[in-house]
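Have a look at it, then read on.

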Amino acid sequence: MSFLQRLKPDFWDYHDVASGPYKHLFNFRRIWYLSVLLTAGVAFVPVCFLAAIDYQVTQKAIESENVLRTSRLVSNTRRSLSFLLLERRYALHFLVKDNPLQSLTSPGRLDEVLKNLQESFGGFTDLGIVNALGRQIRYSGPYGLTNVDYSRQKWFAEVADQGSYTSDVFLGYRQSPHIVIAVKHQPLNGPMHVLRATLEAERFHRELMPLEQGVGVDLFIVNSAGVLQTPSRRYGRILEKMSLPVPKYASTTQVFETQRPDGEKLLIGYAYIAETPFILMVVKKKDDLMRPWYKARRQLITYLLISITSILIVVLAVSTYLVSKIHTADQTRVAALHQVEYANKMASIGRLAAGVAHEINNPLAIINEKAGLIKDLLQQQDIIATRSKLLAQTDSILASVKRCATIIRRLLSFARKTDSTFETVELKNIIENVIGFLGKEAEYRGIATILDIAPDIPPFKSDRGKLEQIFLNLVNNAFAALKDGGYLTFEGRKISENIVEVAVIDDGCGIPPEDIKRVFEPFFSTRTKQGGTGLGLSITYGLIQEIGGNIGVESRPGKGTRFTLTLPLNPDIKVK
Amino acid sequence: MKTIRVLLVDDEEELVVTLAERLGLRGIEADWVTNCEAALETVKHKHFHVAVLDIKLPRMSGLTLKRKIESLAPDMKFIFMTGHGSKEDFEEGTAEAGDSYYLLKPVDIESLADKIREIV
């Protein structure tokens, strides 16, 4: 026996033969399925719904948290970078305005200013004064760039035009990445001059480095052409073209999601730094960002699976337990039904007993007289002469004894059959047997019984005891309804290959229309005062269902009643 | 002593035939019929001292038959027989029978003969 079969409850393969028209109510497997589906459904729907909502909400929250964090990082960094550049530009502005050209160009003064700048702001590499013609007339710094001519360079034209200039990072003459910041001064009386300072690009990088917190965060600066101004971890070295597209201009901080050709998802935040050619970029790998979400998701799914499993176990266990209980209750009901059927049978036998006693009494009276006559003859006459007469008396005695034996056998055979056993029966024979029980009563009351059974009904397999009880119940009812001198008719005919129809028709008092629907209900009786239990027809109904047949009734008050039985000729067939 | 004439009425022919013969052996002349109609027909044409009736007869009870016979032959006496030994039958029977006698089947032939002689 497999494990599943051992788990299988008793009701799984149970079929209730006695359930009649309410058969679907006793299909326990169906009840079980329904109970499991409904309870599991009611439990699963809210759990799954909540899980789905939680899934969505958590995912959205983590995503927007990431966007917000990136945006904050970009904004903060932009502000500090912006401030870093502005602060130095303003310092240069202040210097060039505060110090007249003569003072700045006086020997040693520019060195002193550079030293002061390096000590107070930091990041300055060198400092130079360029005159209106573009020639660097004073220079302080490590590269000896005095007298270099900048007149043809783009930045000089721009600073002359705009008043200040911040360059991209470039290598220039010194072969080291740096930025130029230049500011113009236009005295009221005289030609303009420019203060030009350079900053190591390294300085930017140092500023950004502490901000590159977290795994997979890449923080760098590019110019508007996409050339890296500070080294990037993953998208190129300094002064190389970055391997990402340049984000389009926006005046505020932007965050967007993008997918690289290799399928990697990135979250990119950027901001254009005002009055400079720089774009600050923060690039984060989506996978790294979503790692906490993946963990939460795994927990959520695990929780959901555990919930579903435990709900399922409880639902299965509870459904199985309850349906088993119903099944047990139903079996008790079926057992009680059988007991009631048996009691009905015993009651029938009790009713018949009086008639049977009378029937036996008649042959006994004959035997009594015959034996008495033999005694008389033996006492009074010559034995030889009366020999033939004596023989005639004994024959008559034997015939009367046989009559008694038949009656007794019939009663016993009816009383004995309580178990359901299928045997080959003949319809006519069964009806004759039943009429035999009530024959004397019919005779005294002048009730005529008419048997009209079609000869083409073959012997068939059925339960003799049940059939006899069915007909006895119907005949008893008919006798109660019939007046003396009435007619009781049995009509039997084959209506299809497998079905016979038997009608039990009386011309008695009939059943009122308001009662006719209830005649098969248990405990419905109009003869309670005469000792009716109201169970006869309901038991008859159950018995017919058990042998696979069906019963219907038609009646007209004052005209009579017709009970029509349909019986299968094969016990495996059920009549619809 | 005059001959006593008795009419036996019962639906069991074998029973009445034998009873008639046994009564004959005891000096009582007995005629028999097996139904009420024949009984009424017989009493119209022949005089009987006593009628022995079964209580349960087809289509008519013995008591009904008694009343019908009494209207035809008012001086006739009656004895009833019954196979139903119930108390109700007995009480009903004795009440209806009045001065008639009431016997249970199977009847003892000597007591039947005695009763017949006693009545007459």
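What follows is a short tour, from a chain overview to a single residue.

## Before we start

Keep in mind that this is a predicted model.

## Chain B at a glance

Let's begin with chain B, which has 120 residues, 39% of them counted as buried. You'll find five helices and seven strands in it. Reading from the N terminus, the order of elements is β-α-β-α-β-β-β-α-β-α-β-α.

## Where the two chains touch

Chain A brings 17 residues into contact with 16 residues of chain B. On the chain A side, two elements give two or more residues each: helix H8 (291-380) and helix H10 (427-445). H8(A) supplies the largest share, with 13 residues.

And what sort of residues are on that side of chain A? There are five nonpolar, eight polar and four charged ones.

## Two helices crossing

H8(A) also meets another helix of its own chain, H13(A): their axes come within 10 Å and cross at roughly 120 degrees. The crossing of H8(A) past H13(A) is left-handed.

## Zooming in on A:Leu537

Stay with H13 of chain A, which covers residues 536-546, and you'll come to A:Leu537. Is A:Leu537 buried or exposed? It counts as buried, because it has 21 C-beta neighbours inside 10 Å, and the cut-off for buried is 20 or more.

Apart from neighbours within four places in sequence, A:Leu537 is in contact with A:Asn473, A:Val519 and A:Phe520. Then there's A:Ile470: this residue and A:Leu537 are 67 residues apart in sequence, yet their C-alpha atoms are 8.7 Å apart in space.

## A hairpin in chain A

Last stop: strands E1 (residues 124-131) and E2 (residues 136-140) of chain A, which pair in the antiparallel sense over four bridges. A:Leu127, for one, has A:Ser140 of E2(A) as its bridge partner.

Four residues lie between the strands of this hairpin, and A:Gly134 takes a positive phi near 95 degrees.

How values were computed: Residues are numbered from 1 along each chain as its sequence is written. Chains are lettered from A and ligands numbered from 1 in the order in which they are written. This is a predicted model: local features need pLDDT of at least 70, side-chain atom pairs count only at pLDDT 80 or more; totals for chains, interfaces and linings use all residues. A residue is buried if 20 or more other C-beta atoms lie within 10 Å of its own, exposed if 12 or fewer, and partly exposed in between; C-beta atoms are placed from the backbone. Two residues are in contact if their C-beta atoms, placed from the backbone, lie within 7 Å. Two strands pair if DSSP finds at least two bridges between them. Ala, Val, Leu, Ile, Met, Phe, Trp, Tyr, Cys and Pro count as nonpolar, Asp, Glu, Lys and Arg as charged, and the others, Gly among them, as polar. Axes are lines fitted to C-alpha atoms, for helices over the stretch in contact, and angles run from 0 to 180 degrees between N-to-C directions. A crossing is left-handed if the near helix is turned anticlockwise from the far one by less than a right angle, and right-handed if clockwise.
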